[in-house]
Amino acid sequence: MYAIQITLLVLICATSLLSLVYSIRSRRSQDQVKRGLFAARTNICMGFMLIFIAIIQMTMFPTTGTLRIVFGAILLAIGVFNLVAGLRNHSYFARLQH
């Protein structure tokens, strides 16, 4: 159980850092297609980060109250939405780039 917690924590930190990097690159880019690609990658990383947080929230704590499960489900839904939107936008801007 401890190894899973550490792994999820590392994944959350990595996706958070990647989200920050892609967000900065998106804001600094002059090319609109690259800006869209970096913004899509930001959404993908944020989606994974929220999904990992939701997994920790719903499974790792000993007291599984209703509020914790509801909060985890909301984070999971937002994370899946970000992931799907990011993947869709990334495929759109990748086609524009070529």
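This is a predicted model: local features need pLDDT of at least 70, side-chain atom pairs count only at pLDDT 80 or more; totals for chains, interfaces and linings use all residues.
Leaving aside its neighbours within four places in sequence, which residues is serine 29 in contact with?

Figure 1. Residues are numbered from 1 along each chain as its sequence is written, and side-chain values use heavy atoms, leaving out hydrogens and water. The protein chain has three helices and zero strands (DSSP runs numbered from the N terminus: helices are H or I with at least four residues, strands are E with at least two). Its C-alpha trace spans about 50 × 20 × 20 Å along the principal axes. Of the 98 residues, 33% are buried (buried is under 20% relative accessible area, exposed is over 50%, and partly exposed is in between, with a 1.4 Å probe and protein chains only).

**Figure 2. Serine 29 sits in the loop between α1 and α2 (32-59).** Here is the reply: beyond its neighbours within four places in sequence, serine 29 is in contact with Lys34, Arg35 and Phe38 (contact means heavy atoms within 4.5 Å). The side chain of serine 29 also reaches the backbone oxygen of aspartate 31 at 3.3 Å. Serine 29 counts as buried because its relative accessibility is 10%.

**Figure 3. Three aromatic pairs turn up in a search of the whole structure.** Rings of Phe, Tyr and Trp (its six-membered ring) pair if their centres lie within 6.5 Å; planes under 30 degrees apart count as stacked, over 60 as edge-to-face and the rest as tilted. Tyrosine 22 and phenylalanine 38 are stacked, because their ring centres are 6.2 Å apart and their planes are at 15°. Tyrosine 22 is in helix α1 and phenylalanine 38 in helix α2, so this pair ties together parts 16 residues apart in sequence. Both tyrosine 22 and phenylalanine 38 are buried. Tyrosine 92 and phenylalanine 93 form an edge-to-face pair, because their ring centres are 5.2 Å apart and their planes at 75°. Tyrosine 92 is partly exposed, because its relative accessible area is 44%.

**Figure 4. Leucine 20 lies in helix α1 (residues 2-28).** With 49% relative accessibility, leucine 20 counts as partly exposed.

How values were computed. A polar contact is a pair of N or O atoms within 3.5 Å; within protein, one must be able to donate a hydrogen and the other to accept it, and residues adjacent in sequence count only if both atoms are side-chain atoms.
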